[in-house]
Amino acid sequence: MNEISIAPKPKTRRPGVPAAEEPMIEIDRLCLSYGDKPALKGISMRIAKNRVTAFIGPSGCGKSSLLRCLNRMNDLIDGVRITGAIRIAGTDIQGPAVDVTHLRKRVGMVFQKSNPFPKSIYDNVAYGPRILGVRSRSEIETQVESSLRSAALWDEVRDRLYESALRLSGGQQQRLCIARALAVEPEVLLMDEPCSALDPIATAKIEELMDELKVRYTIVVVTHNMQQAARASDYTGFLLLGELIEFKDTPALFTTPVDRRTEDYITGRFG
Amino acid sequence: MNGTRLRRRLVSAAAVGFCVLSVVLALVPLGFILFFVLKEGLPALTFDFLTRLPKPVGEQGGGMGNAIVGSSILIALAGLIAVPIGIVSGIHLAEFRAGRLATVVRFAADVLNGVPSIVIGIFAYSIAVMPFSRFSALAGGVALGIMMIPIIVRTTEELLNLVPPSLRDGALALGATRARAVFSVILPAALPGILTGVLVALARIAGETAPLLFTAFNNRFWSARLNQPIASLTVQVYTYAISPYDDWHRQAWAGATVLIGAVLLFSLLARTAIRRLERMHHA
């Protein structure tokens, strides 16, 4: 097994601020409130294409709310008010003309608790392509296999594709959810604390996966685990009480934080 | 120390004893019913009874074959009417929990559940018998269907609410519309439970007599026509049981035996099927 080190891997990282890269997502003065309670207070940032960007911060800081703005999952909650702009690949996703289901096909999501459907492994992965209207069996089969391969699950499940997905282990279930999201061929993959319910070995597998997947996808991950952000991401944003305190490339954030609050948080003085 | 232990043991023994007693008391009536029905019914339960038409008064023999067929038809009709309406309403209640229509429908279902079956019979009489001036199997199916609807509505709602919201989020995050998420993920996940609810409702209405008295009425001949009166086990048992003839009394017992046996057998078969469905979907 690979040794899990806290120090970030330098090989795949580029120094410099996010602005130097090609942006995939641009967030402009984004505010969000649940009823009267503000959760995000004017967030502006650019998220680089084909990179892993992590949001860290204490519970309730708004990192999950921010993530769920990117595929408009907040629409499902009553009383949410959102102002400001979010552009993904140049198009505004907030407008009333935007087809939310289309947006969610472009922006996939993996949840904190793995949520495979109570169906077979095959049907779980095939769900997305079927929604997209793919009818051809062979096409779906190809898509299922390639998605499971991308999620590094194929070898473990190739002989049991028609078994219930709920028989898989926790880590396998989470990778199945990743495969399911990939089968829709999204451009962006959102991950909301994808490893918080997993053991270290399963966690290492998912982090490895993130590193492989960023070649094709832009990945945004919310994590409670600072070591994970340090290990697996290229850029890290620190949120506190609904504000983006500091956002830069991961090694710099963890070694030379500028803001006092960032330093306090990453050294464990609060949070 | 020892005293405390002794006291705990005594209290525990008393509590367990009380539980056992309660279970026994609850099971005694069931045991008695089964015992008497089988004791009186089995001797009269012959092959002829299951396959023959009733004989006129005074003639020995004959059976309830037509009533067995009739009851099956009535129950199937009731299911066909109530299952789609009940499940769709249940989905509405689960999806639009706080909506005004949902509140009204939920209240209406609860009220309907408490309406005496004879009143439902009168209602079915006024909408499905009077306009056609004719008792019919269809009217009986409508009456039984109305009785089933509230049970299915509330079971469907409750079971859909038990499906974890994360499954819905998962489907929506893949770009599914709300309707698609309901019909392709949430409903299938709740299906085994909903089918059990349907089964309970079917078993419940299988034993109803009152709603059939002036809807399906009765028929002494073979009939599978939906626009004609039709025989049913329950009405036949009722008619025979209140008659003054010993032979008819014996036949009524046999009819009750068939009814109980059929409901039991049907429940067992359906439960096995539902278990298999459950095992297929869940770990």
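So, the contact between the two chains: chain A puts in 24 residues and chain B puts in 22 residues. Keep in mind that this is a predicted model.

How much area is buried between chain A and chain B? About 1900 Å², and carbon and sulfur atoms give 62% of that. On the chain A side, the residues that lose the most area to chain B are Pro118(A), Tyr127(A) and Ile131(A), and together they make up 28% of what that side buries.

Between chain A and chain B we count one salt bridge. The partners are Arg68(A) and Asp169(B), with their closest N and O atoms 4.0 Å apart.

Which parts of chain A touch chain B? Helix H2 (100-106), strand S6 (107-110), helix H3 (121-131) and helix H6 (170-182) each supply at least two residues of that side. If you sort the chain A side by class, you get 13 nonpolar, seven charged and four polar residues.

Okay, cysteines. How many disulfides does the structure hold? Zero, over all chains. Take Cys31(A): it's in no disulfide, and the nearest cysteine sulfur belongs to Cys69(A), 10 Å away.

Technical notes
Residues are numbered from 1 along each chain as its sequence is written. Chains are lettered from A and ligands numbered from 1 in the order in which they are written. This is a predicted model: local features need pLDDT of at least 70, side-chain atom pairs count only at pLDDT 80 or more; totals for chains, interfaces and linings use all residues. Side-chain values use heavy atoms; hydrogens and water are left out. Contact means heavy atoms within 4.5 Å. Buried area is the accessible area (1.4 Å probe) that two parts lose on being put together, summed over both. A salt bridge is a side-chain nitrogen of Lys or Arg within 4 Å of a carboxyl oxygen of Asp or Glu. Helices (H or I, at least four residues) and strands (E, at least two) are DSSP runs, numbered from the N terminus. Ala, Val, Leu, Ile, Met, Phe, Trp, Tyr, Cys and Pro count as nonpolar, Asp, Glu, Lys and Arg as charged, and the others, Gly among them, as polar. A disulfide is a pair of cysteine sulfur atoms within 2.5 Å.
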